[in-house]
Amino acid sequence: MFGAFKRSIPQISIFHNPASPPSTASLRLLRAALSAPYPPSKPSSPPLSFNLDVIENTPPTADQLRTILSYLPSSSTAHAEHETASPVSLLSAHPAVHSRPTSPEGVARLAAQNLHALKWPIVVDWDHGRAAVGDVEGVKGILEEIRKRRDGEAPDAEEHKPKGWFS
């Protein structure tokens with residue numbers, strides 16, 4: 001009866017570097033989704049509703065990186081539910097990056113010293129556990145999930161929770 005009260009506006013953060021073309025394109029896409037019909041191919045559709053937090057030229061903290069890595073699919077096996085992506089998946093191939101840390105703390109330290117060390121942008125849907133690193137396609141995927149929830153095409157999170165003893 002009160003299911004509508006449970007819904008909240010998603011919190012999306014973009015760790016943005018204006019020098020990165022994919023980061024600039026992703027920020028433009030996120031802002032357009034908030035202010036223009038989404039999807040753009042359906043002019044009668046309303047804009048999406050989410051809170052956008054733009055963090056410019058500041059890398060995520062080690063704790064944030066740990067959470068972001070848990071939101072990314074693991075590259076080792078598609079079937080491992082409890083494995084997280086490797087911290088190396090956040091690192092760019094920029095020639096100025098000489099070390100390849102293997103921990104979130106190491107990546108955070110390196111990124112604080114050299115912004116070119118990270119793949120930009122890092123876009124995170126904190127409420128629904130999704131992240132995209134370094135490409136616009138991942139951002140489009142996050143926006144599409146928000147659109148599906150808005151349009152009632154995606155099942156609510158409640159439906160995916162395992163049933164307990166008293167349900």
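**View 1. The buried residue L27 in the predicted model.** L27 is buried, with a relative accessible area of 8%, in a model that is predicted. Because the term buried applies under 20% relative accessible area, this value places L27 in that class. The residue belongs to helix α2. Apart from neighbours within four places in sequence, L27 is in contact with I14, H16, L52 and V54. Between L27 and H16 there are 7.6 Å in space, C-alpha to C-alpha, and the two are 11 residues apart in sequence.

**View 2. The open sheet of 4 strands.** The strand order is β2-β1-β3-β4, and the pairing is mixed. At the edges stand β2 (51–56) and β4 (130–133); each has a single partner strand, so one side of each lacks a neighbour in the sheet. From one strand to the next, the twist averages 10 degrees.

**View 3. The pairing of β1 with β3.** Strands of a sheet pair through backbone hydrogen bonds, in either a parallel or an antiparallel manner. Here β1 (residues 11–16) and β3 (residues 122–125) pair in the antiparallel sense over 4 bridges. S13 has V124 as its bridge partner in β3.

**View 4. Helices α2 and α5 across the sheet.** Helix α2 (residues 21–35) lies across β1, β2 and β3 and runs at about 155 degrees to β1. Helix α5 (residues 136–150) lies across β1, β3 and β4, running at about 155 degrees to β4.

**View 5. The buried residues of helix α4.** Within helix α4 (residues 104–113), the residues P104, G106, V107, A108, L110 and A111 are buried. The buried residues of α4 pack against α3 (62–71).

Definitions and conventions: Residues are numbered from 1 along each chain as its sequence is written. This is a predicted model: local features need pLDDT of at least 70, side-chain atom pairs count only at pLDDT 80 or more; totals for chains, interfaces and linings use all residues. Side-chain values use heavy atoms; hydrogens and water are left out. Buried means under 20% relative accessible area, exposed over 50%, partly exposed in between (1.4 Å probe, protein chains only). Helices (H or I, at least four residues) and strands (E, at least two) are DSSP runs, numbered from the N terminus. Contact means heavy atoms within 4.5 Å. Two strands pair if DSSP finds at least two bridges between them. Axes are lines fitted to C-alpha atoms, for helices over the stretch in contact, and angles run from 0 to 180 degrees between N-to-C directions.
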